[in-house]
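Hi,

Here is the model I promised. Please look through it before reading my notes below.

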Amino acid sequence: LKVMEHLALAHGGAYKTIHKIQPEARVGMAVQVRGFEAANKFNPIDRLLANFMHRSFNEFHIEAAHSGQLNLIFTRKFYPELANTQDWIGLQYYTTDQVKINLAKADEMFLDMGFKEDAEVSPTGFIALEPEKFFDLIKWASTFNKPMIITENGVEDPEGSFRPRYLVSHLYQVWRAINDGARIKGYFHWSLTDNWEWERGWTQRFGLWGLDVETQDRFRRPSVEIYEQICKNNSLTEDQLNEFAQEWYSEDQV
């Protein structure tokens, strides 16, 4: 909690310093957001825990830069100098968790999180395909009345067979949100090539292009052609939606 507070204060200080040096700069922050749903929607404790995770994980920094209010677990603090210290909001979305109470996990605040039993998951089981929650979170972020940039969205998939479905279904949700009034100014897919992924190293391959780590040679995955076509046309095609995202769209919307 102390780290979160200091990060918020550091952002506020950086925002004002940057604007002092370069008044026309557009300064914002990129926040990883994650969907949190009650595993049992009829259980009020599960609903409470899901709401707690959303407020602490997704909302904390955006709200701090919006109103100056820090909503900590047992208290709230107000720093007026933090209010209105974001010109845009960056969202990084990958997946959604089901949240439930587990009394055996005292060291994890009695939280148990995981994917739906029937979830369609990525090759290493790291990400569940939940594109509609992406739409919900974009609409939630729109309530702060700032332009948005999707700064990360992607999936680990070494063979490239799962990524086209993930890519098209999530871009469709971006399209839906824009048509519903969301002020989305850009989208960045994660990532162009495979990368060293934190403590997981080379075990997860997020690249549109594959990377041979020994030779540094790049090789095309099937997702390259699909994303190339989307970028050139600046649109999704009906064929792409029918092939990769049929569950989430109806033809009369396109």
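At what angle do helix 4 and helix 5 pack, and how far apart are their axes? The angle is about 20 degrees, and the axes lie 9 Å apart. Axes are lines fitted to C-alpha atoms, for helices over the stretch in contact, and angles run from 0 to 180 degrees between N-to-C directions. Helix 4 is therefore roughly parallel to helix 5 (angles under 35 degrees count as such).

A note on the source: this is a predicted model, where local features need pLDDT of at least 70, side-chain atom pairs count only at pLDDT 80 or more, and totals for chains, interfaces and linings use all residues. Residues are numbered from 1 along each chain as its sequence is written, and side-chain values use heavy atoms, with hydrogens and water left out.

Now the contact (heavy atoms within 4.5 Å). Helix 4 brings R163, P164, L167, V168 and L171. Helix 5 answers with S223, I226, Y227 and I230. By class, that is seven nonpolar, one polar and one charged residues.

The lining has 17 residues (an atom within 4 Å of a point), and L171, V174, I230, N234 and S235 lie nearest the centre. Helix 4 (163-179), strand 7 (184-187) and helix 5 (222-233) each give two or more residues to this lining. Helix 4 gives the most, with five.

Best wishes

Technical notes. 1 Å grid on protein atoms, 1.4 Å probe; cavity = no way out; pocket = protein on both sides within 12 Å on 5 of 7 lines; lining within 4 Å. Helix = DSSP H or I, 4+ residues; strand = E, 2+ residues; numbered from the N terminus. Parallel < 35°, antiparallel > 145°, perpendicular 65-115°, else oblique. Nonpolar A, V, L, I, M, F, W, Y, C, P; charged D, E, K, R; others polar.
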